[in-house]
Amino acid sequence: MPNLVMVMPYQAYLRKAQAEGFRITAIWDPAEAGRLFGARAPEYLREVEAQADGFRLVDFTDETAYAQAIRDAAADADFVWHVGSEESMQLAYDVADELGKAVNSPRSVALLNDKLAMRTLLRDKGISSVRFATADHPAEIPELLRDFELPVVVKPARLSASRGVFLLTDPADLPAWNRELGGYEGPLLVEEYLRGPEFSVETLTVRGEHHVVGVTRKLLGPLPHFVERGHVHGEPETPETRQVAALAVELLDAAGYQCGPAHTEVILTDGGPRIVESQARLGGDKIPNLIEHARDFDVKRAMFAALAGRTSLPGATRKVGHIAYFSFPAGTLREVSGLDEVRALDFVDTLSFPFAPGDVLPETVSSKTRHGFVILTGSEDTAQAHARAARVRDLIEVEVR
């Protein structure tokens, strides 16, 4: 039975990996768990510990301790795999590579996760040409704008969850964008604004061969922020979606990616598809759940089959899976109604509204500040999925002050 060290594994990942025959040592940061699970984090980590074959806690921001925790856990392991958020991923791959136990090379992971590294790779390879410029500090941005036609997209190269991604239409908005960066220190990007429908391509790579699991249509909320208000999986195969999928595979080839899932975002412009960004992990925002509902395919388990060298792929699309996110007016919640009525609908799989009267609904400026979601199943097509999401939104009434 092969031994696998997993960094940031959710409980579902543990179950799927064990079902594919792996023994698991889990590594978590209590602070990171707190950001993800709130007050429930200690209980969640206890459940992970009980489920895993080995368990370690470490502060991911303490690079020395974090690296040593991986080395200690990997003493008798076959692989080390970081399956969580990008911010703590690179060091894990560096250490795993040092030990000869990396699932992917550190370089390939950096070329996907780091927006500047990815954009530079694409430029050098002549793939998906997008005009961009880089800065080390926000104060350098105004000078770069002289070479662009507004609006442009400005964003940090090393943050996730849409944080700091901003459509700049007026240089006077730069101070507001700086505040949203929240003290981020790292490379910044100015990119031409790409117009067109946006998709994500969900892929599984097995021994260097890239398989397209499916194409997901992304629904964006209001600009200037690029926060998703939903995703629809089960996009029909057309010449355009085949182009989108082929471009994602071309990026993975260029990056030298060897194993596991990737999530690549692509905009279909009038000039053809253009890559926005990619991540060396499963797509977030419950996209794996949508794949399971639409395709009857367990992509979480399939990623561990891929690690074992086994190729597992979905059949034809059966239904459409849709997740719709809520974004209500910001303020202190006074009252909410309609939740029970929504839960009673036969096409509602999951409803999340994690607020109670007295809680503050934040302004939605990133995926971490949305106000809950609903997962809808069994839709015959995209139009029906949208109609059902509209019905849910109509039923939920929120009063804030």
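Colleague: Does Met8 count as buried or exposed?

Modeller: In this predicted model, Met8 lies in the loop between strand E1 and helix H1. Met8 has a positive phi of about 60 degrees, although it is not a glycine. Buried means under 20% relative accessible area. Because the relative accessibility of Met8 is 1%, Met8 counts as buried.

Colleague: Asp296 also has a positive phi; does Asp296 count as buried or exposed?

Modeller: Asp296 is not a glycine, and its phi is about 55 degrees. Its place is the loop between helix H11 and helix H12. The cut-off for exposed is over 50%. Since Asp296 has 58% relative accessibility, Asp296 counts as exposed.

Colleague: Which residue in E14 is the bridge partner of His233?

Modeller: Strand E11 covers residues 228-233, and five of its six residues are buried. Five bridges join E11 to strand E10, antiparallel, and there Thr216 stands opposite His233. Four bridges join E11 to E14, also antiparallel. In E14, the bridge partner of His233 is Gly321.

Colleague: Which residue does a cis peptide bond join to Pro224?

Modeller: Pro224 is found in the loop between E10 and E11. The cis bond has an omega of about 20 degrees, and the residue it joins to Pro224 is Leu223.

Colleague: What is the omega of the peptide bond from Leu150 to Pro151?

Modeller: Pro151 is found in the loop between helix H8 and strand E6. The bond from Leu150 to Pro151 is cis, with omega near 5 degrees.

Terms used: Residues are numbered from 1 along each chain as its sequence is written. This is a predicted model: local features need pLDDT of at least 70, side-chain atom pairs count only at pLDDT 80 or more; totals for chains, interfaces and linings use all residues. Side-chain values use heavy atoms; hydrogens and water are left out. Buried means under 20% relative accessible area, exposed over 50%, partly exposed in between (1.4 Å probe, protein chains only). Helices (H or I, at least four residues) and strands (E, at least two) are DSSP runs, numbered from the N terminus. Two strands pair if DSSP finds at least two bridges between them.
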